[in-house]
There are 4 protein chains.
Amino acid sequence: MVQVAPKNAILAISPSHYLTFYRMNIAFLGLGNMGVAMATNLLKAGHQLTVYNRTASKADPLKELGATVAATPAEAVKDAGIIFSMVTDDAALQELCTGPDGLLQALPQGAVHASCSTVAPDTNRRLAEAHTRQGAHLVATPVFGKPDAAAAAKLWLIMAGDDEAKQKLRPVLEVLGQGTAQDFGTDPGAANLVKLCGNFMLGAAIEAMAEAFTLAQKSGLDRQQVYEFFTGTLFNLPIYQSYGKLVAERHYQPIGAAPAIIRKDLRLVLDEARTYTVPMPFANIIFDNLSTTVAKKEDVDWAGFAERVAENAGL
Amino acid sequence: MVQVAPKNAILAISPSHYLTFYRMNIAFLGLGNMGVAMATNLLKAGHQLTVYNRTASKADPLKELGATVAATPAEAVKDAGIIFSMVTDDAALQELCTGPDGLLQALPQGAVHASCSTVAPDTNRRLAEAHTRQGAHLVATPVFGKPDAAAAAKLWLIMAGDDEAKQKLRPVLEVLGQGTAQDFGTDPGAANLVKLCGNFMLGAAIEAMAEAFTLAQKSGLDRQQVYEFFTGTLFNLPIYQSYGKLVAERHYQPIGAAPAIIRKDLRLVLDEARTYTVPMPFANIIFDNLSTTVAKKEDVDWAGFAERVAENAGL
Amino acid sequence: MVQVAPKNAILAISPSHYLTFYRMNIAFLGLGNMGVAMATNLLKAGHQLTVYNRTASKADPLKELGATVAATPAEAVKDAGIIFSMVTDDAALQELCTGPDGLLQALPQGAVHASCSTVAPDTNRRLAEAHTRQGAHLVATPVFGKPDAAAAAKLWLIMAGDDEAKQKLRPVLEVLGQGTAQDFGTDPGAANLVKLCGNFMLGAAIEAMAEAFTLAQKSGLDRQQVYEFFTGTLFNLPIYQSYGKLVAERHYQPIGAAPAIIRKDLRLVLDEARTYTVPMPFANIIFDNLSTTVAKKEDVDWAGFAERVAENAGL
Amino acid sequence: MVQVAPKNAILAISPSHYLTFYRMNIAFLGLGNMGVAMATNLLKAGHQLTVYNRTASKADPLKELGATVAATPAEAVKDAGIIFSMVTDDAALQELCTGPDGLLQALPQGAVHASCSTVAPDTNRRLAEAHTRQGAHLVATPVFGKPDAAAAAKLWLIMAGDDEAKQKLRPVLEVLGQGTAQDFGTDPGAANLVKLCGNFMLGAAIEAMAEAFTLAQKSGLDRQQVYEFFTGTLFNLPIYQSYGKLVAERHYQPIGAAPAIIRKDLRLVLDEARTYTVPMPFANIIFDNLSTTVAKKEDVDWAGFAERVAENAGL
């Protein structure tokens, strides 16, 4: 089968065929643990990658794999058909887009920006409008999974934004995750809200384990055995297994995400809860425990907020 | 292969061989939805069953399958090597054991009582001592799973109590659940505490979904789609799928367990938390929501406490 | 004016005339800080006092003031018309009444027992029935105030129980507090429930100050100035002033009541809340903070639970 | 004694002498219930008042008392030595100052703006800087008290801002409240934070009463009697008496402040708590209960959030 397509075209074909793609020009902005892992998978899939990171040295491993390194966001995106961004928070994304040398300065017509960061729904909504004004599109594309899942191309992805832009993005996303990116409609903020709900539910699972394991331990049971029983039966699920291990061992290393980062996510959850007048008592508790962890300057993974339960029980 | 063993002997052999057992004399006390399903599986496995229930008519289906029906707990257990009990709460178990015509009146030497009810750890501890004084044993044997899991012999079982008694019980339990019953040591109360932790963690998962789905709905998302996404990916687990369906549809029928029953379980959790001075803020919230559901006399499954979140958000 | 009355008669006359009373035979059981202060006021008012305390040495100061010291509760009450008890908890009160040499063994016909301890409503209800069976009466008579208020005869008292018995008790109570004891009806438990509500509301005031002062401090304000402003204006009330001082200074000495004692009171509040299905989220928080204070074995006044707020804020 | 002072001079003299003041030119912006009451007292004290309100008709009663009515904020302040503003929220204050025809357009040199609204500390900080740039001063001057306290000149006032400006303001404030305005330093935001703490503590008192009275009622006591006992003894304080009456009667009329207004205040409290990483569990509960009241569109005084407790108890 001969495929004829203009340079940089994106074809919506089945996943098993994606290696027959023309090489896409993709820009990847934001090279933290998640970003590097995702960018690496895009390179491996044969795409042509231009990368940018505020701290340039983070780009070195990708340069060795063949990526071009840009000095500014604007330079990174100027020839890109697809742009990925994965940064820490709303301020960083805003700067990346609208700052001096921000990507909005050089956004090519028709480009699609997959905005992967965990940010406020309104941030993506506003930036999506700015993209549209320049003839391009921002699609909110949050991802679920830790850096190791990103490296193994086992992320879960979701999308929301312009329908045509999502269509263009879909085949590229398939090299990053498992299954197809779930489509949450045309409002970019909707995908971010779903992402925030997911992080909240993770936090709830962690707090629930912390309370259960602590009670079990203080009553004389072996914390580890209780963990193993539950995560081998009723809660036989990777997220309970991986976070539960930290909680069971009360050892919150290595740091997948810092407490301040996920505290920001819970803050965004509570912001949305305010907007829509939804009391969320569990979210309050998780946020408060993360706040204490931040206030105490603990150098742990965010799941380390589970230590609040142990401390309050006098352990 | 010829097996030679005294009448009623229990051999610890591999599950695949259990049909070669001698028929055991088993008493089953308490024929609610869970009890009937478990007793049916014991009958199907070839055991000889004597059953008892306060409301006698519940025994009819088992009688048709070959079970003998006893008029009192004492009568039910008088020839039994193994006794199962599965009743609603501590008071019912106490009555079953120590009431007039209670099983302690007729407990055979060496009998093993698998106490499956969700009760306070101390209740099983005290009753275990009473059994021991009569040359028999009570092993706390809580089960995890709804009636349909019980019917499908897919319960998860755990045990705690006298080591030899657990050894006798193990092969009989294998027809009731999946995998081997996890052993939590010689303190019968320990198994109950683990069971309570499990019900608490289920409640936490329900509340977390209720908060997340309600926020999603009020922000404009489709509650059902959010449910389907999460339970197909990060929370791809039967308990999230089955309880989450109720929460997503806001329809809490049929009633697997009444709110008052699980409120009692959460009360027991909080009792243990008091005993061991473990603050459990999530448990407080679940208990309070169950209390409101009971106070409002809502005729729903216990997961219906999730409606508190919807109501508080003005839905 | 000449008063003629039989020995031990109690006349309902105005407070200013109480010195004209015939001396009453009063037994006082339980000589902690509160008990000693109250018993002293009864002695000063001219009553004839027989006292009892488990640790006998506590009775020494009262002996010097003229009190008779009894070796057992039964001995203390055998000639008494009025009995006061003020002990730590339900178990101590139960022992005092129904233990070997308990007061129920020697309760005179027609005696009135003012049960002042903070106990479960049901404890006083059950003991009241036992008194009635012996031709005497227990009136629940909780008191509000710290030991210094007791010494200054500035307690607030409330009563519930048999109407005639309350009538007999009323003039004696007037030397202990300010104003007249408020009557909460014939159910002795009712007065205890009001007492528990009061301790809960005190706890809520303390937690509220802790949160406010901690926020003020972390924002750069002077904790002490904020305390002084509020307790000089909107919250110009002794309980805010006295407890607030501890919270403002973060110094919880001397110990008016140990955390374990008031944690017991909050536990009783939550027990009643369970019985009547009343979710009380503030009570949960106060109880949990007291639990942590107990779990950490902190040697502070119960208001020291306010330190949980400071700690959680990383102070 | 003869006082000689330039027109519009403000003399720091004792309260009893304020009638000897030269008439001050005062502008009063924002004529809600609080504003009208305060402005009336300024008129009664002999000051010359120019008033402004977005809805002009609210100014009619003041016009009859001699006030001049201005069409815009700028017009109102153009000859003023002292400016008061009392509006609903941050947006309204911002508009009043920086909007078209905002007061910053016509602010006289040396004028002092007493900003009385309950707003975010940062709002007053930013506006104070804008005033300073124009040679004038904004002093944050929050007030505590309901409209009837304002009418009776029994408000409690606090101040923070430029020292000289506070000095000028002090004698004028004395006709509005009881006692002297407490000085919280030179950071205008500090006074707002204290105000927010006060509203939070009021909310905590209301929730505590709601929980206590509901428990009492469900246990069989008379809600009204419990209210009367506590507010006549331990909680003998106007705020407990006035708000407690609403809670006792479960009748939240008339509306002193709408739930949405005080929900905004609690939101500001929680915003500050985020900024300074101070977990405030009581504040979460009050805010959530106010959110439900807003979500249900209940037409009640803000204290009506106490109904959440009654509802959750099934009343």
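Trainee: Why is C:Thr277 called buried?

Mentor: This is a predicted model, and in it C:Thr277 has a relative accessible area of 12%. Buried means under 20%, so C:Thr277 counts as buried.

Trainee: And what makes C:Arg250 partly exposed?

Mentor: Its relative accessibility is 29%. Buried would need a value under 20% and exposed one over 50%, so C:Arg250, at 29%, ends up in between.

Trainee: Where do C:Arg250 and C:Thr277 sit?

Mentor: In loops. C:Arg250 is in the one between α10 and α11 of chain C, while C:Thr277 is in the one between α11 and α12 (281-295) of chain C.

Trainee: What makes the peptide bond between C:Gln253 and C:Pro254 stand out?

Mentor: That bond is cis, with omega about -5°. Most peptide bonds are trans. C:Pro254 lies in the loop between α10 (238-249) and α11 (259-275) of chain C.

Trainee: Which residues of chain B are joined by a cis peptide bond?

Mentor: B:Gln253 and B:Pro254, where omega is about -5°. The loop between α10 (238-249) and α11 (259-275) of chain B holds B:Pro254.

Trainee: Now the interface. How many residues do chain B and chain A bring to the contact?

Mentor: 55 residues come from chain B and 55 residues from chain A. Together the two chains bury about 5000 Å², and 80% of that is on carbon and sulfur atoms. B:Met201, B:Leu215 and B:Phe282 supply 15% of what chain B buries against chain A, more than any other three residues.

Trainee: How many salt bridges are found across the interface of chain B and chain A?

Mentor: The rule finds 0. A pair would need a side-chain nitrogen of Lys or Arg within 4 Å of a carboxyl oxygen of Asp or Glu. Polar contacts are another matter: 11 residue pairs between chain B and chain A have them, both residues being at pLDDT 80 or more.

Trainee: Which element gives the largest share of the side of chain B that touches chain A?

Mentor: α8(B), with 19 residues. By class, that side of chain B has 40 nonpolar, 10 polar and 5 charged residues.

Key
Residues are numbered from 1 along each chain as its sequence is written. Chains are lettered from A and ligands numbered from 1 in the order in which they are written. This is a predicted model: local features need pLDDT of at least 70, side-chain atom pairs count only at pLDDT 80 or more; totals for chains, interfaces and linings use all residues. Side-chain values use heavy atoms; hydrogens and water are left out. Helices (H or I, at least four residues) and strands (E, at least two) are DSSP runs, numbered from the N terminus. Buried means under 20% relative accessible area, exposed over 50%, partly exposed in between (1.4 Å probe, protein chains only). Contact means heavy atoms within 4.5 Å. Buried area is the accessible area (1.4 Å probe) that two parts lose on being put together, summed over both. A polar contact is a pair of N or O atoms within 3.5 Å; within protein, one must be able to donate a hydrogen and the other to accept it, and residues adjacent in sequence count only if both atoms are side-chain atoms. Ala, Val, Leu, Ile, Met, Phe, Trp, Tyr, Cys and Pro count as nonpolar, Asp, Glu, Lys and Arg as charged, and the others, Gly among them, as polar.
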